[in-house]
Amino acid sequence: MDRFSIIVGDITCSDAEAIVNAANTTLLGGSGVDGAIHRAAGPELLAECRTLGGCETGQAKLTAGYRLQAKYVLHTPGPIWRGGGHGEAALLASCYRSCLTLSAERGIRTVDFPSISTGVYRYPLPQAATVALKAIMDFLAEHDLPERVRMVCHTEDAAQVYRQTWNFWYAESKTDRM
Ligand code: AR6
């Protein structure tokens with residue numbers, strides 16, 4: 001799948017047209033990747049977020065990227081892990097789909113995702129990777145936009161989990177392996 005890749009890095013340095021923020025439902029900032037994105041984008045980002053009236057878990061809202069290289073930020077509150085029996089997987093899949101749908105509607109060609117819900121919200125990484133990759137691959141199979149999607153893992157360990165998950169579900173031949 002040449003439209004999708006898994007990389008290690010800091011999403012605030014991304015050169016994608018849009019980056020995704022693992023936000024909370026207030027959209028008013030927090031720790032983790034949310035804090036890093038707000039710090040890098042500058043106070044104008046929080047000012048725009050204040051006008052949005054929050055966002056439901058699994059949905060997404062778009063803002064400008066301000067001082068980021070990315071033109072847009074897609075803010076999506078992921079589910080808090082509560083054992084897996086509270087609709088977490090469906091909500092997490094919905095985060096990825098909502099961001100991709102909004103991107104396609106806006107004509108955005110390149111999108112970078114962080115690993116939503118797997119930090120402060122404690123979603124177990126292997127399960128989150130399975131949900132994230134299925135949501136992304138299903139969307140790409142049915143849509144021409146975005147042209148390129150990347151999973152930006154903050155650590156090599158997290159990237160390993162995503163690569164292993166991708167190889168388990170999607171690699172059809174040795175040349176496909178990530
Ligand atoms: N670039 C890429 N990934 C990152 C970066 C970065 N700069 N920084 C952290 N990560 P988290 P959540 C990874 O906790 O679990 C906030 O307070 C991190 O290693 O940022 O969805 C919000 O306001 C982890 O794998 O988001 C919410 O209240 C992943 O990003 C809450 O945390 C997600 O970790 C959301 O929790």
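A: In helix α4, the residues A128, A129, V131, A132, L133, A135, I136, M137, F139 and L140 are buried, where buried means under 20% relative accessible area with a 1.4 Å probe and protein chains only. The model is a predicted one, in which local features need pLDDT of at least 70 and side-chain atom pairs count only at pLDDT 80 or more, while totals for chains, interfaces and linings use all residues. Residues are numbered from 1 along each chain as its sequence is written, and side-chain values use heavy atoms, with hydrogens and water left out.

Helices here are DSSP runs of H or I with at least four residues, strands are runs of E with at least two, and both are numbered from the N terminus. Helix α4 covers residues 125-142, and because its 18 residues at 1.5 Å a residue should span 26 Å, the 26 Å between its end C-alpha atoms agrees with expectation; the expected span is 1.5 Å times one less than the number of residues.

The buried residues of α4 pack against β1 (4-8), α3 (88-106), β5 (110-113), β6 (148-153) and α5, with contact meaning heavy atoms within 4.5 Å. On the α5 side, T165 is found in that helix, which runs over residues 156-169, and T165 counts as buried because its relative accessibility is 10%. Leaving aside residues up to four places away in sequence, T165 touches P126, A129, T130 and L133. An α-helix has 3.6 residues a turn, so residues three or four places apart point the same way.

Note on methods
Buried means under 20% relative accessible area, exposed over 50%, partly exposed in between (1.4 Å probe, protein chains only).
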